[in-house]
Amino acid sequence: MTSAERLTSRARHGGHREVLPELLALATDPAARPDPAWEAGAAAVQILCWEDRFAEAGELAELLIERQGPDGGDLCDQDVPFDEAFLVAQLYAGVPAQPRLRAAAARVPEGRILRDRLLWLAEQLDLRPVEWLLPCHYDWGGPLVPREGVIGEWLLDREFAALAPREKRVAWEAVARTNDFARARELVESLGELPEQYYLCLWLAGWYAVEGDVEGGERMLLAAHGRWWPYMRWDAIPTSEVVQPTLRRVVTDRVREHFLTRPIGPEAAALATRTE
């Protein structure tokens with residue numbers, strides 16, 4: 001386990017705030033080996049977003065790409081969370097993203113994932129709002145989508161409580177794909193059903209947010225916390241909750257404290273196993 005992995009694991013044990021200074025120190029140390037530095041930087045960007053330190057997140061992404069991009073190392077095969085760091089710096093700190101995206105891309109060799117992603121985002125900013133380019137954006141408050149062709153639509157007319165667990169997962173997917181919040185709210189509030197999928201809890205939270213139901217949205221975000229799992233070894237904490245403007249409406253003090261101080265992902269699962 002690398003130094004960055006050890007720090008990230010400590011963060012996922014519920015020590016995000018305590019570990020952040022160490023992650024930043026490793027990420028910005030010019031003498032640090034490249035991979036631990038950028039991995040620590042990725043975890044730090046995520047925690048900085050939860051601390052509403054969006055300008056610093058953008059600056060850190062910029063520094064790491066400036067240092068490591070020209071060498072064509074493993075950083076150049078990443079995209080998140082460095083791409084979104086530039087977007088949130090614009091959205092919440094007023095630092096224009098387009099010139100920074102293009103300048104950062106110019107430091108990465110052609111044909112690499114990071115370069116292509118940064119240039120694509122720079123182009124898309126002329127066509128779409130920033131929040132559409134951030135993760136977990138949904139058509140909250142939008143109209144129903146026709147059921148025809150939606151996977152699992154045949155389950156929507158069946159009694160939900162009688163469905164098998166696997167069928168419930170598919171049915172929840174269909175409810176979300178048809179953007180049917182009325183049905184989703186009925187499942188949650190009348191039947192006590194919640195989706196197993198992390199991102200569907202975020203879809204629900206966003207709908208509660210646009211409905212002005214902060215308590216309902218808070219409940220969905222707390223449920224999402226227990227369903228999140230890191231995609232990469234440096235993933236310390238999910239960020240959609242605090243980078244999507246709609247979801248931020250229901251990020252209460254309780255939600256923020258829960259995410260920053262409670263074990264999450266594999267660390268939470270390991271602790272739960274020990275206590276059984």
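Cysteine 49 is buried, with a relative accessible area of 0%; buried denotes a relative accessible area under 20%, exposed over 50%, and partly exposed the range in between (1.4 Å probe, protein chains only). The model is a predicted one, in which local features need pLDDT of at least 70 and side-chain atom pairs count only at pLDDT 80 or more, whereas totals for chains, interfaces and linings use all residues. Residues are numbered from 1 along each chain as its sequence is written, and side-chain values use heavy atoms, with hydrogens and water left out.

The cysteines were examined for bonds between them. A disulfide is a covalent bond between the sulfur atoms of two cysteines. In the model, a disulfide is taken as a pair of cysteine sulfur atoms within 2.5 Å, and the structure holds zero of them. The cysteine sulfur closest to that of cysteine 49 belongs to cysteine 136, and because 14 Å separates the two, they are too far apart for a bond. Cysteine 201 is in no disulfide either; its nearest cysteine sulfur is that of cysteine 136, 11 Å away. Cysteine 201 is buried, at a relative accessible area of 0%. Cysteine 136, by contrast, counts as partly exposed, with 22% relative accessibility.

The secondary structure of the chain consists of 15 helices and zero strands. Helices (H or I, at least four residues) and strands (E, at least two) are DSSP runs, numbered from the N terminus.

Of the 276 residues, 51% are buried. Among the contacts with a separation of 6 or more, 68% are accounted for by residues 24 or more positions apart; a contact requires heavy atoms within 4.5 Å. The accessible surface comes to about 12800 Å², and carbon and sulfur atoms hold 50% of this area. Accessible areas come from the Shrake-Rupley method with a 1.4 Å probe, and for residues only the protein chains shown count as cover. The chain has 31 positive and 45 negative side chains, and the centres of the two sets are 2 Å apart. Lys and Arg count as positive and Asp and Glu as negative, while His and the chain ends are not counted. The place of a charge is NZ of Lys, CZ of Arg, CG of Asp or CD of Glu.

Helix 1 spans residues 3-28 and includes alanine 11. Alanine 11 is buried, with a relative accessible area of 0%. With residues up to four places away in sequence left out, alanine 11 touches His16, Val19, Ile47 and Ala236. Between alanine 11 and isoleucine 264, the C-alpha distance is 8.9 Å, although 253 residues separate them in sequence. Glutamate 18 is also found in helix 1, but counts as exposed at 56% relative accessibility. Its C-alpha atom lies 15 Å from that of histidine 258, 240 residues apart along the chain.

Leucine 63 is located in helix 3, residues 54-68, and is partly exposed at 25% relative accessibility. The C-alpha atoms of leucine 63 and alanine 104 are 9.2 Å apart, with the two residues 41 apart along the chain. In the loop between helix 3 and helix 4 (82-93) lies proline 81. The peptide bond from valine 80 to proline 81 is cis, with omega near 0°.

Positive phi values occur in residues other than glycine. Cysteine 136 has phi near 60° and is placed in the loop between helix 7 (130-133) and helix 8 (165-177). For asparagine 179, phi is near 55°. This residue is in the loop between helix 8 and helix 9 (181-189) and counts as buried at 7% relative accessibility.

A further loop, between helix 13 (245-248) and helix 14 (253-261), contains arginine 249. Apart from neighbours within four places in sequence, arginine 249 is in contact with Ala209, Val210 and Val214. Phenylalanine 259 is ten residues from arginine 249 along the chain, and their C-alpha atoms are separated by 16 Å.
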